[in-house]
Amino acid sequence: MTVPRAPVLLYDGECSLCNGVVRFMLRHDATGRIRFAPLQSGPGQGFLRTQGLPTDSFDSLVFVPDWGSQARGAFLLRTSGALAAFAELDRPWRAVSWLRLVPAFLRDPIYKL
């Protein structure tokens, strides 16, 4: 029996923009593939600790492609994480993930604004 992949997007639960992005993704994920959790939540904090990521700095979102695996280093940050999450959405929003072709050093400064 194959266990289905479980992508999770960890986001800053106190950030209005982050919450807006999560609401948008919920509306456009008709099959409910992506799960969401605030970075400040118990599961979010636990994941950050096991991965050696800061547990008190929430300036980045974290996309975990398979929550069931949680292999060390198996996550994406900032724009890489956001674009990987968009790849999980239904069309036409999945097309946004093609922005991964733009190098992260060009994408991430815009994200940080």
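Which residues is Ile34 in contact with, leaving aside its neighbours within four places in sequence? Pro7, Leu9, Asp29, Ala85, Glu88 and Leu89, where contact means heavy atoms within 4.5 Å.

This is a predicted model, so to speak: local features need pLDDT of at least 70, side-chain atom pairs count only at pLDDT 80 or more, and totals for chains, interfaces and linings use all residues. Residues are numbered from 1 along each chain as its sequence is written, and side-chain values use heavy atoms, with hydrogens and water left out.

**View 1. The largest nonpolar core has eleven residues.** Ile34 sits in this set along with Leu9, Phe24, Met25 and Phe86, among others. Helix 3 gives the largest share, four residues. A core here is a set of buried Ala, Val, Leu, Ile, Met, Phe, Trp, Tyr and Cys residues joined through side-chain atoms within 4.5 Å; buried is under 20% relative accessible area, exposed over 50%, partly exposed in between (1.4 Å probe, protein chains only).

**View 2. Arg33, Glu88 and Asp90 join into one salt-bridge network.** A salt bridge puts a side-chain nitrogen of Lys or Arg within 4 Å of a carboxyl oxygen of Asp or Glu. Arg33 pairs with Glu88 at 3.9 Å and with Asp90 at 3.4 Å, N to O. Glu88 counts as buried because its relative accessibility is 11%, while Arg33, at 28%, is partly exposed.

**View 3. Val102 is partly exposed, at 32% relative accessibility.** Find Val102 in the loop between helix 3 (78-86) and helix 4 (104-112); helices are DSSP runs (H or I, at least four residues), numbered from the N terminus.

Conventions. Helix = DSSP H or I, 4+ residues; strand = E, 2+ residues; numbered from the N terminus.
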